[in-house]
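Open the structure in your viewer and switch to a cartoon display. The stops below tell you what to select next and what to look for there.

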Amino acid sequence: MGTLVTLHLPPGSPIADRPWVITFGSLGDLEDWEPVVCGPYEHAHALALARAVVADDDLMAVVEPLLPLDGVDAIRREIELARTGEEEDFPPQLAREQPGAPPEPAEVLAGWRRIAARLAG
């Protein structure tokens, strides 16, 4: 069984509404390959997909929010917030949430449409 690492979010956190990505990589130093980054997904979909993939394989999955920033100034502001520690601090932890079954491809596509609508709106 692999390892799933994600942020511990308090109930109702607005970060849960952001798009999420999953980075799959080797668990330990025994394998040498480039990590695979997948997404974007809705939070629940990302957790369920990551959990299903690492359940039977010695992999590490990191599930984290994607920051859809619209330009250089927005990126710089986010970097400055990170440097000054003025943003919410949610340290990475082993996932405690027990996601349900992984979503079917049609559910993932529906999630992508919802993400696109939020980003375009």
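Of the 121 residues of the protein, 32% count as buried, where buried means under 20% relative accessible area, exposed means over 50%, and partly exposed lies in between (1.4 Å probe, protein chains only). This is a predicted model, in which local features need pLDDT of at least 70 and side-chain atom pairs count only at pLDDT 80 or more, while totals for chains, interfaces and linings use all residues. Residues are numbered from 1 along each chain as its sequence is written, and side-chain values use heavy atoms, with hydrogens and water left out.

**The whole chain**

Colour by secondary structure. The protein has 3 helices and 5 strands, and along the sequence they follow the pattern β-β-β-α-β-α-β-α. Helices (H or I, at least four residues) and strands (E, at least two) are DSSP runs, numbered from the N terminus.

Now show the surface. The accessible surface comes to about 8,000 Å², and 56% of it belongs to carbon and sulfur atoms; the areas come from the Shrake-Rupley method with a 1.4 Å probe, and for residues only the protein chains shown count as cover. Of the contacts in the protein with a separation of 6 or more, 75% are between residues 24 or more positions apart. Contact means heavy atoms within 4.5 Å.

**The core**

Hide the surface and select Leu-4, Trp-20, Ile-22, Ala-50, Ala-61 and Val-63. These have the most contacts inside the largest nonpolar core, which has 17 residues. A nonpolar core is a set of buried Ala, Val, Leu, Ile, Met, Phe, Trp, Tyr and Cys residues joined through side-chain atoms within 4.5 Å. The elements that give two or more residues to this core are β1 (3-7), β2 (20-26), α1 and β4 (59-65). The most come from α1, with 5 residues.

Two strands pair if DSSP finds at least two bridges between them.

Ile-22 has Val-63 as its bridge partner in β4, and Ser-26 has Leu-59.

**Strand β2**

Stay on β2: 6 of its 7 residues are buried, so this strand is largely enclosed by the rest of the structure. Pick Ile-22 and list its contacts. Leaving aside neighbours within four places in sequence, they include Val-36, Tyr-41, Leu-49, Ala-61 and Val-63.

Next, show β3 (36-41). It runs antiparallel to β2, with 4 bridges between them, and Val-37 of β3 stands opposite Thr-23.

**A cis bond**

Zoom in on Pro-40, which is in strand β3. The peptide bond from Gly-39 to Pro-40 is cis, with omega near 10°. For comparison, most peptide bonds are trans.

**Helix α1**

Select residues 43-54, which form α1. This helix has 12 residues and reaches 17 Å from its first C-alpha to its last, close to the 16 Å expected at 1.5 Å a residue. The expected span is 1.5 Å times one less than the number of residues. In α1, 9 of the 12 residues are buried, so the helix is largely enclosed by the rest of the structure. Among them are His-43, His-45, Leu-47, Arg-51 and Val-54. The buried residues of α1 pack against β1, β2, β3, β4 and α3.

**Helix α3**

Select residues 105-120. The 16 residues of α3 should span 22 Å, and its end C-alpha atoms are 22 Å apart, which agrees. Val-108, Ala-110, Gly-111 and Ile-115 are buried in this helix. They cover an arc of only 160° around the axis, which puts them on the same side of α3; the arc is that of the directions from the helix axis to the C-beta atoms. On the other side, Pro-105, Ala-106, Arg-113 and Ala-120 are exposed. The buried residues of α3 pack against β3 and α1.

**A loop residue**

Last, select Ile-15, in the loop between β1 and β2. Is Ile-15 buried or exposed? It is buried, with a relative accessible area of 10%.
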